[in-house]
Amino acid sequence: MKFSIFTPVHNSSRLRPALDSLLTQTCDDFEWVILLNQKASLDDKLIQEICYKLKDRAVITHIKDIDNAKDNGYIGNYKKLCCSLASGDVLVELLSLIHI
């Protein structure tokens, strides 16, 4: 069973605790879907580190790169978009700054 862990975020620096926590998990059958919005950038150092450490388990995109997506500020919209990018059997929301 594959888990899709999703995190919508506007400040990628807040992802550090979540990344550290995911790297300690014993189950490695997961993907981490991160949806960047507003001022977050795909060029950010931490985003690049996530791509390097999680390799093909990281699905990272910016809302501006999704056709017909509206950056309207509603968190429910961001969560729905994250779920649409996920490919796992189980969806799990991981808030930034949270350890699991």
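**Cysteines.** I looked up Cys82 in this predicted model and found that its sulfur lies 6.7 Å from the closest cysteine sulfur, that of Cys83. A disulfide requires the two sulfur atoms to be within 2.5 Å, so I recorded this distance as too far for a bond. Cys82 counts as buried, because its relative accessibility is 0%.

I then turned to Cys51, whose closest cysteine sulfur belongs to Cys82, at 15 Å. That is also too far for a bond. With 33% relative accessibility, Cys51 is classed as partly exposed. My count of disulfides is therefore 0 by the 2.5 Å rule.

**Nonpolar cores.** I next asked which members of the largest nonpolar core touch the most other members. Among its 18 residues, these are Leu15, Trp32, Ile34, Leu36, Ile50, Leu54 and Ile60. At least two residues of this core come from each of strand S1 (3-9), helix H1 (16-23), strand S2 (30-36), helix H2 (45-54) and strand S3 (58-62). I noted a separate core of 8 residues, including Phe6, Leu35, Ile63 and Ile66.

For Ile60, I set aside neighbours within four places in sequence and listed contacts with Ile34, Leu36, Leu42, Ile47, Ile50 and Cys51.

**Glu31.** Is Glu31 buried or exposed? I found it buried, because its relative accessible area is 4%. Glu31 belongs to strand S2. The side chain of Glu31 makes a polar contact with the side chain of Ser4, at 2.5 Å. Beyond neighbours within four places in sequence, Glu31 has contacts that include Lys2, Phe3, Arg57, Val59 and Gly88. Finally, I compared Glu31 with Arg16: they are 15 residues apart in sequence and 16 Å apart in space, C-alpha to C-alpha.

Note on methods. Residues are numbered from 1 along each chain as its sequence is written. This is a predicted model: local features need pLDDT of at least 70, side-chain atom pairs count only at pLDDT 80 or more; totals for chains, interfaces and linings use all residues. Side-chain values use heavy atoms; hydrogens and water are left out. A nonpolar core is a set of buried Ala, Val, Leu, Ile, Met, Phe, Trp, Tyr and Cys residues joined through side-chain atoms within 4.5 Å. Buried means under 20% relative accessible area, exposed over 50%, partly exposed in between (1.4 Å probe, protein chains only). Helices (H or I, at least four residues) and strands (E, at least two) are DSSP runs, numbered from the N terminus. Contact means heavy atoms within 4.5 Å. A polar contact is a pair of N or O atoms within 3.5 Å; within protein, one must be able to donate a hydrogen and the other to accept it, and residues adjacent in sequence count only if both atoms are side-chain atoms.
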